[in-house]
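Take a look at the model below.

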Amino acid sequence: KIDASSFHSLQTYEHISSATFLRYHIFDLIPEDKVFYLDSDAVITKSLESYIAQPLDDVYAMATTDVIALNFHNKPYSYFNAGVLLLNNKKCKAESMTAKALASSLENADNADADQYVLNQLFKEHILLADQSFNYQTGLDYVRQRRRFPFLKPHRTIPAIIHYNTSAKPWNTKFPIKFKHIWWYYFQMNWQ
């Protein structure tokens with residue numbers, strides 16, 4: 001069991017609890033050299049074999065660019081979304097990443113991006129960027145609607161991973177977000 005009481009003072013959002021900081025303990029608790037991490041608000045629609053087979057060599061992880069941070073917060077292209085990660089757990093363990101991440105979170109307790117900011121700072125340029133189908137973030141559609149930006153062009157294919165990031169979740173939003181029907185399809189399958 002993990003004592004998460006130290007996380008309660010850290011910056012979170014209504015749709016992100018302090019449990020988000022528990023991902024730091026992957027490096028200490030999971031023995032495998034490579035770990036696939038997926039936020040609970042994501043759906044896998046296709047085989048991930050080609051993604052998981054990617055050699056990570058000297059990088060900490062494979063991830064995708066955080067499209068909201070890139071488009072609206074002027075973050076660099078290498079700023080990644082931490083909701084879907086293929087982690088080089090061997091490298092992270094060897095470099096005591098759990099302790100570094102916890103210490104950095106306490107130092108940056110007021111940062112709005114919480115654990116994602118910390119992982120971006122720790123992993124810096126040692127990240128392998130995957131294409132957006134590895135982590136298609138529907139939150140960009142929601143942000144564009146709220147800021148009166150036009151919708152993104154429709155996708156011709158369904159991404160391998162659909163990540164319903166931001167507060168625009170399929171089950172609680174008034175705004176139409178892309179691939180909402182896919183989440184409901186899998187939700188209904190679980191209850192049959």
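Buried means under 20% relative accessible area and exposed over 50%, with partly exposed in between (1.4 Å probe, protein chains only). Helices (H or I, at least four residues) and strands (E, at least two) are DSSP runs, numbered from the N terminus. This is a predicted model: local features need pLDDT of at least 70, side-chain atom pairs count only at pLDDT 80 or more, and totals for chains, interfaces and linings use all residues. Residues are numbered from 1 along each chain as its sequence is written, and side-chain values use heavy atoms, without hydrogens and water.

Start with helix H5, residues 97-107. Its buried residues are Met-97, Thr-98, Ala-101, Ser-104 and Ser-105. They lie on the same side of H5, because they cover an arc of only 135 degrees around the axis. The arc is that of the directions from the helix axis to the C-beta atoms. On the other side of H5, Ala-99, Leu-106 and Glu-107 are exposed. The buried residues of H5 pack against helix H1 (26-29), helix H4 (89-94) and H6; contact means heavy atoms within 4.5 Å.

Helix H6 (residues 114-123) lies across S3, strand S4 (80-88) and S5. H6 runs at about 50 degrees to S4. Axes are lines fitted to C-alpha atoms, for helices over the stretch in contact, and angles run from 0 to 180 degrees between N-to-C directions.

The sheet is open, with 4 strands in the order S1-S4-S3-S5 and mixed pairing. Two strands pair if DSSP finds at least two bridges between them. Strands S1 (34-38) and S5 (127-129) are the edges, each pairing on one side only. The twist averages 30 degrees from one strand to the next. Strand S3 (residues 61-65) pairs with S5 in the parallel sense over 3 bridges. In S5, Leu-129 is the bridge partner of Ala-63.
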